[in-house]
Every structure is written in C-alpha cells, then in structure tokens.
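Work through the exercises below with the structure open beside you. Each task is followed by a solution in steps.

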Amino acid sequence: MKTRIIGTGSCLPETIVTNDDLSKIMDTSDEWISSRTGIKERRLVKEETTAGMSVQAARMAMENAGISPQEIDLIIVGTITGDYLTPSTACEIQAAIGAKNAVAFDINAACSGFMFALHTADAYFKAGIYKTALVLGAETLSKIMDWNDRSTCVLFGDGAGAVVARADETGLLAYEQGSDGMKGKVLACRDRRNNNPLVQESKEPEYVHMDGQEVYKFAVTTVPASIRKVLDEAGLKAEEIDYFILHQANIRIIQSVAKRLKVAEDRFPISLDHCGNISAASVPILLDEMNRKGLLKQGMKIVLSGFGGGLTWGSAVLEW
Ligand code: COA
C-alpha cells in the first residue's frame, strides 16, 4: 500500500512585503537579501491566522481531490506556529470543515514538518489503520521573528499548504527522515514566557535565533545525502526525476544541492522569490502552485525534501 497525493491546495496572506518595504523599517536592502537568498518578497499576516489559512488550503485540496470532509479519517498539520497550544491546528481545521470522522493532531518538526506529517500518514496507511488524510504545513512565522534581527527576519514568510493523501497502488515510492537534536540550538525559538511563580524567567531569546552559516552547512550536506538515499531505495537515478521540490529556504542552498546531485537547476522549481521561507508550509505550497499550473502529470517522478529546525530532515520520492 502506498500514499498517493490526489489533491492540493494553498493559501497565502494578502499583504505583500517586498525587500524594499523592509529596507524602510530596518537597515537592509533588496540587493543584500536577493543576492544572498533569492527572496524578493514574502506575504505576512495582518488579519489571517494559521488555522484560517489552513482551512482555506484544506478546502482547496479537498475540492481538487473531489472528496467530502466525511471521507477524511486523519488530519495532520506540520506547524510550530499554531494559534493555540491546544486545541491543535489540526483540530481547528477538523471543526471548521466538519471532518467529524477524522483523528487530528499537529507535528512539530519545524521546516520538515510537512514531510514528517506525510510520512506519518504513510505509516498509518501501511498499517491499514486509515485510508484518507489531509496533510498540511502551515505557519505564521512573522509572530515569532525578532524584527530587530535583520539576519533572520528578512528570510521568513507566512502561509499554508495542504494535500489530500490516499492509500493507493502507487504514490510514495521511498522515504527517508532523520533528526540531529545535538545541533538543535543552531536554529531555535524558546516557547512562551513561563508563568510559574516558582520559576525564574529564562534569559534565552524568545524569538527565532539562528546561526545562519551552521544551518547553511547542515542543509548543503544533509539534503543531497538524504535525496541520494531515497533515490537508491526507489531504484531511480537523479536524471529520472522530473522535479525536485525542496524546502524553500534559500536559492543558494537549492543551487548547491542541484550541483551536488549533478542535476540541472531548472528541475528545482522555486517559490521562495515570492514567498520567502514558510517553514513546514513551503513544500505543499510549491506543490500546489505546480499542480495548478498543470505541470504535474500522472506517472511523473518527483522528489520532495524538507530540512530545518530540530535539526530535522525528510525526503521522499513519489510517483504522481
Ligand atoms: N541586510 C543587510 N546586511 C545584513 C543583513 C541584512 N538583512 N543580515 C546580515 N547582514 C550583515 C551582517 O551584519 C554582516 O555584516 P558584517 O560583515 O559587517 O558583520 C554581513 O551582512 C554578513 O553576515 P553573515 O551572517 O555572515 O551573512 P551570510 O553570508 O552568512 O548570509 C544568511 C546570511 C542567513 C543569508 C546565510 O547564512 C544563510 O542563508 N543561511 C541559511 C539560513 C537558512 O536558510 N535558514 C533556514 C533553514 S530552514
């Protein structure tokens, strides 16, 4: 039994914030951001919420798949920026769409969140427990950025992406995932303030704190190795893959992965230019953009790969 993606959807906030807009509120420039990251603009929430964007993306994915909310028996959301600690974003989606037969929960694996969620759905399908899942990546990263730290806040954006996955004869051909908690603090964000009167408040930064160069080194070594592993497991060569849909962190990371795999860059589609890095949401949003442009044809072989905080990573080969 394999996991097949039968529908996609996505939702971005309305407000576009360009690099030039950022240069009006901090000491940065379009030239610095574009040349180091490939990012031109990102969408940031004003009224939108993680759950609200997720619900829109989920509805689009269900419509695209042609299924009703009652058919969904599993909802998993990869997110680190839900609106509530409880209920989970997945439970909020369940309530909004009326998926009363579903089991719903969130997964915290930062930028690998969607990949970990997809693999979890796959494990349930293989075990014969569930058959139809809504799998999402959704973030409002703008609320956990340090807007005084120009080296991190310019990189990130907000949005949600969703797929409907179903147990089928073909789909996910191979999967690989990993974690390295020992390096967790190179990309970290402490949880909310401690309200316990017996505990002295921590001095750790409360917003996202990143050692950009360490994260960069991690990404350009781990991601090609992870992709090679799934290709081997699927018995495929890199040149047989139609598209490599990578987490959209930085154009230079993507170019380096392409070079290390000896694959032309044009097989690595990009959304980071207009979305920035949306952590767990970036892979499903890009997948939806490609699906809606009609670029994904039945039988195509696609690699998905996510990587980031934890540290965590996950790659998959799937047949469309
Ligand atoms: N605008 C202008 N200047 C900036 C800036 C900004 N937004 N951010 C940092 N700078 C400055 C720094 O202050 C530093 O100045 P200095 O040399 O006078 O001290 C200079 O630019 C170089 O900073 P540095 O941090 O060394 O830049 P870098 O070349 O390593 O690029 C990143 C920074 C973040 C773009 C790069 O490390 C990277 O892409 N890392 C991966 C991050 C990532 O993708 N994380 C998410 C993974 S899920």
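**Exercise 1.** Find how far an oxygen atom of the ligand is from the side chain of Gln213 in this predicted model.

Solution. Take an N or O atom in the side chain of Gln213; the distance to an oxygen atom of the ligand is 2.9 Å. A polar contact requires N or O atoms within 3.5 Å. Next, turn to the nitrogen atoms of the ligand. A polar side-chain atom of Thr28 is 2.7 Å from one nitrogen atom, and a polar backbone atom of Arg150 lies 2.9 Å from a ligand nitrogen.

**Exercise 2.** State what percentage of the ligand's area the protein buries.

Solution. Start with the ligand taken alone, which exposes 970 Å². The protein then buries 72% of this area.

**Exercise 3.** Describe the shell around the ligand by element and by class.

Solution. First list the elements that give two or more residues: helices H2 (30-37), H6 (150-153) and H7 (212-234), and strand E12 (301-308). Of these, H7 supplies the largest share, 4 residues. Then sort the 21 residues of the shell by class: 9 are nonpolar, 9 polar and 3 charged.

**Exercise 4.** Is Thr152 buried or exposed?

Solution. Locate Thr152 in helix H6. Its relative accessibility is 0%. Buried means under 20%, so Thr152 counts as buried. Now look at its surroundings. The side chains of Thr152 and Asp149 are joined by a polar contact of 3.1 Å. Beyond four places in sequence, Thr152 is in contact with Met145, Asp146, Val208 and Met210.

How values were computed: Residues are numbered from 1 along each chain as its sequence is written. This is a predicted model: local features need pLDDT of at least 70, side-chain atom pairs count only at pLDDT 80 or more; totals for chains, interfaces and linings use all residues. Side-chain values use heavy atoms; hydrogens and water are left out. A residue is near a molecule or strand if one of its heavy atoms lies within 4 Å of it. A polar contact is a pair of N or O atoms within 3.5 Å; within protein, one must be able to donate a hydrogen and the other to accept it, and residues adjacent in sequence count only if both atoms are side-chain atoms. Accessible areas come from the Shrake-Rupley method with a 1.4 Å probe; for residues, only the protein chains shown count as cover. Ala, Val, Leu, Ile, Met, Phe, Trp, Tyr, Cys and Pro count as nonpolar, Asp, Glu, Lys and Arg as charged, and the others, Gly among them, as polar. Buried means under 20% relative accessible area, exposed over 50%, partly exposed in between (1.4 Å probe, protein chains only). Contact means heavy atoms within 4.5 Å.
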